[in-house]
Amino acid sequence: MIRRPLRTLTVLIGAATAVTGFAAPASAAPSVLTEAASPATVAAAQQELGTSLGAAFAGSWLDTTTGELIVGTTDAGRSSRIRAAGAIPKVLRHSAFELKQIQSTLDNRTEGLPGSVAGWYVDVPSNDVVVSVVGGDPAGLAWATSAGVPVRVEHVKSAPRPLWSVIGGQGLYFSGGACSVGFNAYDDDDHYVITAGHCTELGGTVRGAGGTIGKVARSSFPGNDYGTVKVTHSDVSTPPRVDRYEDGSDVRIEGADVVGVGGRVCRSGITTHWHCGRVEALDQTVNYGNGNIVRGLTQTDACAEPGDSGGSFVSRPSSGSDTKLVQAQGMTSGGSGDCDEGGTTFFQPVKEVLDRYDLTLEKD
């Protein structure tokens with residue numbers, strides 16, 4: 001490129017102005033929609049172009065670098081229409097309909113599908129259909145290439161698996177009985193589920209609502225009433241949540257600030273679900289009989305029943321709040337009465353087990 005001196009360029013501009021006088025401004029090019037626009041605005045443009053382009057529509061997406069809306073078409077003559085709608089046109093080989101037909105062909109060939117085929121999808125920006133094969137397995141590759149349709153094979157490291165969450169107040173199942181999840185925590189290397197010690201003393205493999213979690217790691221009962229289950233299955237996640245069952249959406253753990261005497265607390269468990277009450281005493285010694293004496297418990301008037309043991313005690317969430325953030329208090333230990341006539345329930349403060357085993361509470 002030849003660069004002209006700035007003063008020469010200025011003279012030329014001046015000369016052009018002298019000849020043409022006041023030129024009418026050119027029509028402004030429509031601005032390009034980006035991800036900075038509202039999702040509704042972008043979605044409306046995508047839908048309108050998908051309809052107006054008809055069979056020539058080849059999909060739309062946001063550029064991952066610029067955030068600009070890109071719209072594919074198989075007809076270069078439709079580019080001006082795409083620009084007018086605020087998108088950047090890209091001419092592609094296959095229409096969206098053609099790609100969907102290829103995907104449908106694969107969808108209808110699932111009988112005898114090798115386990116090494118992790119799945120398939122339409123890659124809109126690349127304008128092709130991708131088949132994911134674990135580790136380049138020959139059987140998976142053969143299945144992908146024998147469909148009689150054009151596909152691109154990608155190699156993935158592992159097959160997908162269903163994921164499920166361990167949530168406070170939901171079921172925790174031991175070989176000798178059922179309890180409830182208290183809270184989730186972690187250290188430098190591992191994740192743990194915290195529950196009552198009289199539950200973890202049963203030992204062995206522990207299951208949750210979605211399958212196996214792991215095995216009992218540590219247990220302390222009597223004297224204390226806490227224990228941990230080490231999470232060993234990779235399909236298990238441990239979010240900072242507690243189930244409120246029919247009372248509303250899950251609450252989320254924000255911290256572990258202690259609620260004092262007279263303060264409001266709520267508890268969750270698999271038997272009686274979500275119930276609330278007030279703290280009546282701190283640092284109480286409780287005699288459960290047969291020499292099972294536990295110290296340092298908190299007394300409440302929130303009811304509980306067998307099976308609720310180990311479940312979450314939290315601060316009462318504020319009413320009307322969209323985001324239900326609460327403070328973790330402890331795990332249900334035991335009590336008297338029931339949820340028909342009311343009763344007294346004790347919980348093991350969670351801070352003690354966190355300090356004892358050097359764990360960090362999962363928090364929002």
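Biologist: Trp 120, buried or exposed?
Modeller: Trp 120 is buried, at 18% relative accessible area; buried means under 20%, exposed over 50% and partly exposed in between, with a 1.4 Å probe and protein chains only. This is a predicted model, where local features need pLDDT of at least 70, side-chain atom pairs need 80 or more, and totals for chains, interfaces and linings use all residues. Numbering runs from 1 along each chain as its sequence is written, and side-chain values use heavy atoms, without hydrogens or water.

Biologist: And Trp 143? What is its relative accessible area?
Modeller: Trp 143 has 6%, so it is buried.

Biologist: How many aromatic pairs in the whole structure?
Modeller: The search finds 3, counting Phe, Tyr and Trp (six-membered ring) with centres within 6.5 Å; planes under 30 degrees apart are stacked, over 60 edge-to-face, the rest tilted. One of them is Trp 120 with Trp 143, tilted, with 5.0 Å between centres and 35° between planes. Trp 120 is in strand S4 and Trp 143 in helix H5, 23 residues apart; these are DSSP runs, at least four residues (H or I) for a helix and two (E) for a strand, numbered from the N terminus.

Biologist: Why is the pair of Tyr 226 and Tyr 357 edge-to-face?
Modeller: Because their planes are at 85°, with ring centres 5.7 Å apart. Tyr 226 sits in strand S14 and Tyr 357 in the loop between helix H7 and strand S24, so the pair ties together parts 131 residues apart in sequence. Tyr 226 is buried at 1%, and Tyr 357 is buried at 10%.

Biologist: New topic. Where does Ser 268 lie?
Modeller: In strand S18, residues 264-269. Ser 268 is buried, at 0%.

Biologist: What does Ser 268 touch?
Modeller: Beyond four places in sequence, its contacts include Asp 243, His 273 and Trp 274, where contact means heavy atoms within 4.5 Å.
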